[in-house]
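Open the model in your viewer and keep the selection panel at hand. The tour goes from a helix pair to a sheet and then to a pocket.

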Amino acid sequence: KRKAVLYCNPNAGLIEVATGMSLSGGNVVPSGTKSHPSWADYYTENGYDVFLFNYAGFGRSDGRHFCAIGNPTRARGVIGAIRRIFHFIFLTFKPTPQSLREDGTAVGKHIVSDSGFSSLVIHGESIGGLASSGAARALSHSPTTRDVLSLVICDRTFCNLEATAQRLVGSWTGPAIFALAPFWNLDVTGDFLSANCRKIVANDSADAIIADASSLKAGVSLSREICRGESTAKLGWTTEAPLTYRMADWENVGVNDSSYVKSPYASMSPPVWPKDKHITSDEAFHFAACVRRIGKVATAEKRAAKSENASDEEQGFESNGLEVQQSEVASNGRGVSAVWKVLACCDGLCGTPLGFPVKDSFDSTVTWLCCTLTLGGQRVAAAADRRMNGSDQQRNVIASDFDSRHPGFQEEESDIMIHPKPIPEVLEALKQSMASNNVSIKSVEHEIRYTTGMLQYIVARLSSAPSVESNTKSMDLQDTLGAFLDLNCGHNNPFSDDEKRQLTGLLIKATCETSNN
């Protein structure tokens, strides 16, 4: 049966991008990639017909249904160019978010109705995720197209454009975009979650353009965990932590010890599974404040050790007052610096160790936590499935299922390179630190206890039978959340061979099930 892929280009990308011409120029094949230098090559070699198009307003398109005013043919020369520029700027400004959605939907309908394909995959990269999610939402609810739509792939895209601008340029850009274009609907998360079809979220947490906290991965996770699926408005926007945490951070005291603002969260306890099915925003921000405080105390401890030893040989990476350093300074191995060394490397199961969002901001840590709870369970369920060799028996999660490190990883580690540590291993280190009599540990006792409780909640929740069942369905493209594909290829770069193998497996599942239906 004939299968088709509709590819929606990244920002400023013409159709040539899908055929291998990179945005920086030329046909670029990254090192380590043995085949398929472009999406067109990849899909055609896997038996798909590939449909490419330029958005209205891109290339030679001026965004209208005809090429010149009153003339069905494109007017050439200076006069024609002036007409197009005038019409484009003052009469029908395109592309817009809505025009991108309409373009993707129109081409998708054409493929289904006029070309006779039995299976359609929509792949949107970067800003193409806006077009692909909008088209998938429209096509999946149309009686004439919903049975043919097999899959939508939102590849390294954002939850909404304002959030991306805030993280890339500055927090002022979110309100500025809304003020300049109040009627633009820039919400990709809402379209993605509303699409009634199989889905994939592909994300690189180290993306240099779309910050992890403004990615579609973040939007989906925040919507499910904090908003309970009720809203997708302003997800990923920069969000201030409660004043008591900001003041405590400024005063450099414990999270509940600000002398200016009385903390209403002094008696807060971490969530407990299965009593608490989701975490609250207050619990998430308390966790963010606790781990940030541990990092700041660790930084002070390391600086004190350097001063005492009068040694400048060790070098760390410092940002926003936090330092993540792989060489241990505390001589007894039990100080806060030793705790932070382990905690900063805690694997969030979605591509980012805990230390990176903690250095960034409170709300980035909240996003890390929500992603771990919402999408991280897919990696745990997949590990349990591999361990049981795909058996039909109920999957019982064990501690090793949280460990993504490959055999022999110890030989690769050094003072400057440490693999992310699985949450159960981090928990064990935190418990050992609390059993010690180290004075500096006592100074952050509340913070360590709350952090330990939150990590215990993560392990208990992701190990539970309902969570394993739900995440297995997501991996098999059988629920509304979709499969999560963790990438390491950067923004707009081709997938690695391993990432393409994972994508191929999901494509086979999606298109085979559509054909069988």
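**Stop 1: a helix pair**

H17 and H18 are roughly perpendicular to each other, a label that covers angles of 65 to 115 degrees. This is a predicted model, in which local features need pLDDT of at least 70 and side-chain atom pairs pLDDT 80 or more, while totals for chains, interfaces and linings use all residues. Residues are numbered from 1 along each chain as its sequence is written, and side-chain values use heavy atoms, without hydrogens and water.

Select residues 445-463 for H17 and 465-475 for H18: their axes come within 5 Å and cross at roughly 65°. Axes are lines fitted to C-alpha atoms, for helices over the stretch in contact, with angles from 0 to 180 degrees between N-to-C directions. Helices are DSSP runs of H or I with at least four residues, and strands are runs of E with at least two, numbered from the N terminus.

Next show Arg-461, Leu-462 and Ser-463 of H17 with Ala-465, Ser-467 and Val-468 of H18, which make the contact (heavy atoms within 4.5 Å).

**Stop 2: the sheet**

Colour the six strands of the open sheet, ordered S2-S1-S3-S4-S5-S8 with parallel pairing; a pair needs at least two DSSP bridges. S2 (48-52) and S8 (483-487) stand at the edges, each with a single partner strand, so one side of each has no neighbour in the sheet. The twist averages 20° from one strand to the next.

Now select S4 (149-155) and S5 (198-204), which pair over five bridges. Asp-155 has Ala-202 in S5 as its bridge partner.

**Stop 3: helix H12**

Finish at H12 (355-360), which gives four residues to the lining of the second largest pocket, the largest share.

Notes: Parallel < 35°, antiparallel > 145°, perpendicular 65-115°, else oblique.
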